[in-house]
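Here is a friendly walk through how two parts of one chain meet, followed by a look at a single residue. Keep the viewer open as you read.

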Amino acid sequence: MTWIAIRMLTGDRQKFFGLLFGVAFSALLISQQLTIFINLIERGATAVYNIPTANIWVMDPVSRTPDVALPMPPTALDKVRSVNGVEWASPLLRSGATVRTPEGDLEGVTVVGVDDATLIGLPKKFIKGSREALYEPDAVIIDSVGAAKLFPEGFDPIGVRLELNDRRAVIRGIVDVDPSFTSQVILYTRYSNALAFVPGTRNRMSFILASASDGLTAKQVTTRITEATGLKARTREEFARDGVDFIIENTGIPVNFGITVALGFIVGVAIVGLTFSLFIRDNIKQFGALKAIGVTNNKIRMMVAAQALLVGLVGYGIGILLAAIFIASGAANSPDFKGFYTPWEIPVLTALVVMTMILITGWLALRSVLKTEPAEVFR
Amino acid sequence: MSEKRTAITINGIVKEFSAGSQMIRVLHGIDAEIRSGELTYLVGESGSGKTTMISIIAGILYPTDGSVSVFGQDIYSLSDNDLVRFRLSNIGFIFQQYNLIPTLTAAENASVPLVAAGMKRDEAVERGRAMLDKLNIADQADKLPRQLSGGQQQRVAIARALVHEPRLVVCDEPTAALDAKSGRRVMDLLREVALAPERTVIIVTHDNRIFDLADRILVMEDGRITHDGTEMPDH
């Protein structure tokens, strides 16, 4: 009877496409919004993951994320270096500044000052220029997102002079990094330069990047650092998670995306439920006739299940495909979506949501079929 | 001439429906016997109880009281599933509005009882096609119901009712939606194809244009059989 059920459904093209649209729309909205949400909050961790050499971040006890940090005195660096188990430690400065482009545009930027001697803190992958270029006078390295933001497409910014907090800065390279949560332009420079670019209070050092000695885990060393110095020490993974948690706890993003996902589900249930009910109502006489002829309720259940399964599978496939195209195209063409990916959990979760939707609407539709008395076909 | 045997025995059938707090009795202890090899008409005005009666005979409506024996089987002593299986094996249905599945072709519609019984699709459709051929509409086998005239649709419905060779065929107003000519043609065909010594055909109708085709006419009034004969009563 399955082929009859499928033919009953697909033959009514208007309702079949209506059902597919409902499921596909829901799957698209849910998976696309969840993907954006996950990628967006993961950007709370990109400042940490963009510096792969450091597996330990040390900071003032009140600091919470790469962008919410209380600077420490320079002596903190020596304290950390003296902790048993610390292989090396180097300073890192992160601070906000404003930059004026040659065209006169004003843009907020994050200045990152990396260790003068080792350049630890600089991202590894260069699109243009090299690490050594940072030793040139007033040199800054711009991140790929910033380059796309400040300059027109195809423009080579190498050698361009910027006015950074009223001081001269020259772009000497472009690094490939994942954008931060705010997609703000990042300018990397040497620590000594950064102190000049970003004048401020007595304490300037935002973080100390460190690495655990051989034979020790990062977690063991962070415990030692905290015990010995009173500073807060986090492993790279912990600090990355802190950045994500900060966004979740301090912004309305989870609620907003949650509402959109819920709306996707509700609208999907409404469209699919109504269309499925209409389809069943239009075919109720035929279902009644089948029951009179001798089709059991179990076979009727299988028929409706086959119809729901078909709609669910095809609609889900279309929705997920559209979401994947949207994300892939965004990641390839827009700096705002750079690095976006779809974690495997999202299609799985979307499939569960679609399955729930199909179960609810299928059950509602089935109820009216099962309630239909075969004798009603004679009335 | 083959002997006409009793196919259906109806004993003291009572049917009541609830209407709010009241129970309305629509069948008042009906007794009847219907023989095989005959075209039996169940005739009566609207509300006389003929549709209720045919539903009970066909095993799709439980009586309040009484019993119905079809080919020796007390059908309401069967479990729900056994009753459904009994209908599938033994009864063919022809409905007033045809109730064909609009997205299946004529041949596929005709094959539905075979598919429901578990026959493979191709074989079932082929047999549906053969039945349509018997009903002289083989050339319409691949058309959808909406592409057929009312008379052709009813012939597809007859094919569906007969394709699994049931021993009982019940028809509800088979000519009500057809003009006189088409109705007559459908009834001639039904009589020619459906009627067989081992088969019982019961037709619910109030279409006096086809009364002459009946072998036996049971007239119902107010939930009782008031006439049993080969012709309609004079009054």
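Buried area is the accessible area, taken with a 1.4 Å probe, that two parts lose on being put together, summed over both. Please bear in mind that this is a predicted model.

Where they touch, domain 1 of chain A brings 7 residues and domain 2 of chain A brings 10 residues. The table gathers some values for this pair.

| Domain 1 of chain A and domain 2 of chain A | Value |
|---|---|
| Area buried between them | about 680 Å² |
| Part of the buried area from carbon and sulfur atoms | 60% |

Which residues of domain 1 of chain A lose the most area to domain 2 of chain A? They are Arg43(A), Pro335(A) and Lys338(A), which together make up 71% of what that side buries. By class, the domain 1 side of the contact has 3 nonpolar, 1 polar and 3 charged residues.

Now for Phe340(A), which sits in the loop between α11 (297-333) and α12 (345-371) of chain A. Why does Phe340(A) count as buried? Because its relative accessible area is 9%, and buried means under 20%. Leaving aside neighbours within four places in sequence, Phe340(A) is in contact with Ile36(A), Asn39(A), Leu40(A), Arg43(A), Ile327(A) and Ala331(A).

Note on methods. Residues numbered from 1 in each chain as written. Chains lettered and ligands numbered in written order. Predicted model: local features only at pLDDT ≥ 70, side-chain atom pairs only at ≥ 80, totals over all residues. Heavy atoms only, no water. Contact = heavy atoms within 4.5 Å. Nonpolar A, V, L, I, M, F, W, Y, C, P; charged D, E, K, R; others polar. Helix = DSSP H or I, 4+ residues; strand = E, 2+ residues; numbered from the N terminus. Buried < 20%, exposed > 50% of the residue type's maximum accessible area, 1.4 Å probe, protein only.
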